[in-house]
Amino acid sequence: MSDSPRCDVLIIGAGLAGLVAAHELTTAGKRVAILDQENAHNIGGQAFWSFGGLFLVNSPEQRRLRIRDSAELAWNDWQASAAFDRLDDEDSWAVRWARAYVDFAAGEKRSWLASHGISFLPTVGWAERGSFSAEGHGNSVPRFHVAWGTGTGVVGPFVESAHRAVDAGLLDFYHRHRVDELVISAGRVQGVRGSVLAEDDASRGAASSREVTGQFDFEVSAVIVTTGGIGGDHQMVRRHWPARLGRPPRSMLTGVPEHVDGRMLDIAGDAGARLVNRDRMWHYVEGVKNWDPVWPEHAVRILPGPSSMWFDALGRRLPEPYLPGFDTMGTLKHLRTSAEIAEYDHSWFIATQSIARKEFALSGSEQNPDITERSKREFIRQRLLGRDATDPVEAFKTHGADFVVANTLEELVEGMNSLADEAPPLDPATIRAQIRARDLQMDNPYAKDAQVMAIHNARRSLGERLGRTAAPHKILDPAHGPLIGVKLHVLTRKSLGGIQTDLDSRVLDDDGEAIDGLYAAGEVAGFGGGGVHGYNALEGTFLGGCMFSGRAAGRHAAATAG
Ligand SMILES: Cc1cc2nc3c(=O)[nH]c(=O)nc-3n(C[C@H](O)[C@H](O)[C@H](O)COP(=O)(O)OP(=O)(O)OC[C@H]3O[C@@H](n4cnc5c(N)ncnc54)[C@H](O)[C@@H]3O)c2cc1C
C-alpha cells in the first residue's frame, strides 16, 4: 500500500517491551515503525510510571547485604509460586519461559542492564514473602532491586535508543494510530488496519480523546504486538475475574493509565492468535486513592513492610499468611471469599508513625521523586533522617482521602468509621483488644504471634533492618505515634495471561503453530509464553519480563525479517 511505512518490522505499542524490541532491531540495522494509540508524551507506557523494581538473583547488591541466593532457590520459589497446573496445554510454553527467565535473572540480566546504564539502590527489598512454607509461594530472600531513576531509569535508555534511531532514519513513530485489526492469511501476517485518532495534547498518563479522524491499512510482513495488559478496563477485568477469587469488588481503583485497555488481546485472538490463562491476574489489595490523580480513578499501591496490623472491613485482624507484603493473591482471595466480609470492598491498615516512616513505600515513579531524580542527598534526608516518612507519604497523610491520623485509638477508629459508611462501624474496644494482644508479644525477641515472628525474622536481614522494617515496638506506645489508619481498596494492575508465544516470542495459533511474522511480548504475552508467572508473581518480574520477551522478539525478527 502506498501509505504503508517503509519498514522491515512494525511494532504496536511504545511501552517498554516495544522499545526493547525496537532497540534490538535498529541495532541490527533494521527499519522499524512503532504505532501507538497515545501521543508522543506517553512513550515508555506503564514503565515510565513504575517503581522500577527488578527481580535479580544472586546479585552483587544481595551479596553485599549477605543474602545468599541462587538460581536453584529462585527456581524453587518460582515454581512454588506459579503453581503451573496446565502443563500440557496453556502452561506448556509458560513454564519454559519461566525457567529461561529465572536463568536470565540469575545470569546475564544484571550485566545486560548495566550495559544500558541501569544501576540500583544499594538496598534490596523483600517483596512477596509468601506463605510461611518452603514448598509454598513467595521469595525466600529479598530480590526486589529498585533502579536509580525508578521506572524512568529503566525505560529511559530504550527511549533514547529510539530517538537515536529516528535521527538515523531507522525508526518512525506513528502516534495516535490505534490498531483495530491484524491481517493474517495463509498462516502469515500481512499487515494491520486501524483508526487514526484525533490529535490530543493530553499530558502523559492522562485520558485522551478516542475520536476517530481517519483509517489506515498498512501492509507489512513482520509485526510485534506489545500493547500491554487489561488493568485500565474494569469491565474486562470483571469479565475474566476467576471464580476462585470470589466476586469482583463492586468498586475498584485503577493502578494503570487508561491506555492499558486490553483491546488488542481480543483483536489478536480474532486474527488466530491463541489466548491463554486469561483468568490469571495480579491486582493489589493495598490501593489508596491518589489525592493528586493523573488518570481516572488513579490508585497508588502501598508496598508495605511487615509491621502494620491488617484488619478486614469488620475490624477483625487478618490471619497469617495474609500479612502486609506477604501474599497478594492469597489476601485478595481471603478478602473476596470469606463469607462475612466478601460483600465489602475495603480493608484497613493500622500503623504508627514509626511504621509509616520506614515501611510505607508508595509504588510509582512520581511517588518517589528522590529515587526518580537520582538524588542521593534527598534519599538520605527523606528515608534515613528524622521522624517523618517520605514527603509523598506525608502528603498522603495530610491530603489522602483514605488516611486517618490520630493520637488516640478511639479518635482513630472514629475517623476510620467516618470513611466507611457502607460497613458496620468498627468497635474501638474490639480493635484495642486485638492490638493489645499483639503488643504483649513485643516484650521478647521471640513470640507466638506469626506477624511478630515475621517482624523479628525480617530484622535479621541487614537490608530490612536498615531500610524497610521498623524496630519492633508496641502500636499503642505513644512514643511511636501518632496512629495512622488507612482504608485500602483493590487496585487493578496486571494481567498474567495473554497471547501464547514460543521462546522466540513468536505468536502461536490454536494448533500450536507459529504464525509467520507475528510476535508478541511484554504484558500482552503474559510477559512471555502467555503466563510466565503462573498464578503468582514474585514481584519486580514484570519490567524484566517485558525486556526479556521484547528482546527475544526483536532478535528473532532481526534475524528473519526484511
Ligand atoms: C504504577 C506502576 C508501578 C509498577 N511498578 C513495577 C515494578 O516496580 N516492577 C515491575 O516489574 N513492574 C512494575 N509495573 C508493571 C510494568 O510497568 C508493566 O507491566 C510494563 O511496563 C508493561 O509494559 P508493556 O510494554 O508490556 O505495555 P505498556 O507499557 O502498557 O505499553 C503498551 C502500549 O501499547 C499501546 N497500545 C495498546 N493498545 C494499542 C492499540 N490497539 N494500537 C496502538 N497502540 C496500542 C498503549 O497506548 C501503550 O503505549 C508497574 C506498573 C505501574 C503502572
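**Stop 1: the annotated span**

Select residues 8-543: the end C-alpha atoms lie 26 Å apart, and the span is 32% helix and 22% strand. Helices (H or I, at least four residues) and strands (E, at least two) are DSSP runs, numbered from the N terminus. The UniProt record, an unreviewed entry, annotates residues 8-543 as "domain: FAD-dependent oxidoreductase 2 FAD-binding". UniProt positions are given in the numbering used here, feature names are shortened, and annotations may be inferred rather than shown by experiment.

Some housekeeping: this is a predicted model, where local features need pLDDT of at least 70 and side-chain atom pairs count only at pLDDT 80 or more, while totals for chains, interfaces and linings use all residues. Residues are numbered from 1 along each chain as its sequence is written.

**Stop 2: around the ligand**

Now pick the ligand. Which residues come nearest to the ligand? They are G13, G15, G45, G228 and G522, out of 41 residues around it (a residue is near if its C-beta atom, placed from the backbone, lies within 6 Å). Colour α1 (16-27), β2 (32-36), α2 (45-49), β7 (177-185), α9 (263-270) and α19 (542-560): these are the elements that give two or more residues to the shell. The largest share, 4 residues, comes from α2. By class, the shell has 15 nonpolar, 20 polar and 6 charged residues. Here Ala, Val, Leu, Ile, Met, Phe, Trp, Tyr, Cys and Pro count as nonpolar, Asp, Glu, Lys and Arg as charged, and the others, Gly among them, as polar.

**Stop 3: a helix pair**

Next, show α4 (residues 71-82) and α5 (residues 92-106), whose axes come within 10 Å and cross at roughly 145 degrees. Axes are lines fitted to C-alpha atoms, for helices over the stretch in contact, and angles run from 0 to 180 degrees between N-to-C directions.

**Stop 4: a three-stranded sheet**

Go to the open sheet with strand order β3-β5-β4, where the pairing is antiparallel (two strands pair if DSSP finds at least two bridges between them). β3 (53-55) and β4 (120-125) each have a single partner strand, so each edge strand has one side left without a neighbour in the sheet. From one strand to the next, the twist averages 35 degrees. β3 pairs with β5 (residues 144-147) over 3 bridges; click G53 and you'll find its bridge partner, V146, in β5.

**Stop 5**

In the loop between β4 and β5, select E128. Its phi is near 45 degrees, a positive value in a residue other than glycine. Then jump to P321, between β15 (309-312) and α10 (328-337): the peptide bond from E320 to P321 is cis, with omega near 5 degrees. Finish at P482, in the loop between α18 (462-468) and β19 (483-495), where the bond from G481 is cis, with omega near 0 degrees.
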